[in-house]
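Work through the following exercises with the sequence and the structure side by side. Each task is followed by a solution that goes step by step.

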Amino acid sequence: MFGAAASSEAVSRMRLCELKRSKCQQLTAKENQLQSSASPDHRKDTGHMNSRMAASSSRVMLGPLVAAIDQGTSSTRFLVFNAKTAELLSHHQVEINQSFPKEGWVEEDPKEILQSVYECMERTCEKLTQLNIDISNIKAIGVTNQRETTLVWDKETGEPLYNAIVWLDLRTQSTVERLINKTPGRNKNHLKHKTGLPISTYFSAVKLRWLMDNVDEVAEAVLTHRAMFGTVDSWLIWVGGTHLFRWGL
């Protein structure tokens with residue numbers, strides 16, 4: 001059934017493209033007729049119009065597009081590509097602020113992260129519209145995020161319960177040392193054969209442990225089963241997904 005539905009949709013899109021192309025051809029023919037009897041200035045303006053219509057007709061044939069949210073440690077980007085050629089069609093980038101409450105601590109505001117994604121998507125879609133590229137042709141959006149940066153939010157309100165703890169933050173060093181001391185031979189590589197990496201402050205699990213032990217709002221949300229925990233990609237998809245639907249993406 002999915003294949004049949006997809007096939008039907010493809011046929012409908014092809015018919016729509018044919019109708020648009022036919023309409024553009026009709027308009028071009030009519031403009032050419034008018035141009036033969038028009039003044040030089042009017043013919044110049046008409047020529048620009050024909051160029052825009054020709055560009056519009058060619059852009060209809062771009063086909064499916066794919067997009068990527070690249071939410072990095074220092075900036076956010078949104079990029080849109082031609083799915084068939086991998087050509088970059090448009091993008092926008094916004095810088096992200098970091099805070100350093102104590103030595104070795106690195107935090108970011110989850111709401112600023114989310115807003116930066118919204119802004120990048122909006123500006124990129126505006127640029128595509130100016131190029132006469134239909135954003136409804138964006139068929140998939142991927143998310144890449146800043147490693148193990150960790151946050152906890154309330155699943156009922158969507159509100160973050162603390163700043164995002166950035167992947168390079170070192171506040172969990174004492175927790176890591178306790179874990180290493182529990183391994184045979186106090187070996188930080190004890191789990192490397194399973195995880196591929198040594199026990200380290202890098203990982204999100206030790207950050208979650210710190211949040212549960214040190215942030216009252218997080219501890220309460222865990223007890224009442226309202227806490228949602230994840231890396232930045234989880235936060236963006238959970239909280240930001242409804243924003244995408246408003247554009248039909």
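**Exercise 1.** Determine whether R209 is buried, partly exposed or exposed, and find which side chain it meets in a salt bridge.

*Solution.* Start with the surface: R209 has a relative accessibility of 38% and therefore counts as partly exposed, where buried means under 20% relative accessible area, exposed over 50%, and partly exposed in between (1.4 Å probe, protein chains only). Next, look for the partner: the side chains of R209 and D213 meet in a salt bridge, at 2.9 Å from N to O, the term standing for a side-chain nitrogen of Lys or Arg within 4 Å of a carboxyl oxygen of Asp or Glu. D213, at 49% relative accessibility, is also partly exposed. Finally, consider the sequence: R209 and D213 are separated by about one helical turn, because they are 4 residues apart in helix α6 (residues 204-214); helices (H or I, at least four residues) and strands (E, at least two) are DSSP runs, numbered from the N terminus.

Before going on, note that this is a predicted model, in which local features need pLDDT of at least 70 and side-chain atom pairs count only at pLDDT 80 or more, while totals for chains, interfaces and linings use all residues. Residues are numbered from 1 along each chain as its sequence is written, and side-chain values use heavy atoms, with hydrogens and water left out.

**Exercise 2.** Find where R226 lies, and which residue forms a salt bridge with R226.

*Solution.* First, locate R226 in the loop between α7 (216-223) and β8 (227-231). Then identify the partner, D154, whose salt bridge with R226 has its closest N and O atoms 2.0 Å apart. This pair links distant parts of the chain, since D154 belongs to strand β6 (residues 150-154) and the two residues are 72 residues apart. Last, compare each residue with the cut-off: D154 is buried at 5% relative accessible area, and R226 is buried at 18%.

**Exercise 3.** State in what order the 4 strands of the open sheet are arranged, and which strands stand at the edges.

*Solution.* The order is β3-β2-β1-β5, with mixed pairing, two strands being paired if DSSP finds at least two bridges between them. At the edges stand β3 (88-95) and β5 (138-145), each with a single partner strand, so one side of each is left without a neighbour in the sheet. Turning to one pair, strand β2 (residues 75-82) and β3 run antiparallel over 7 bridges, and F81 stands opposite L88 in β3.
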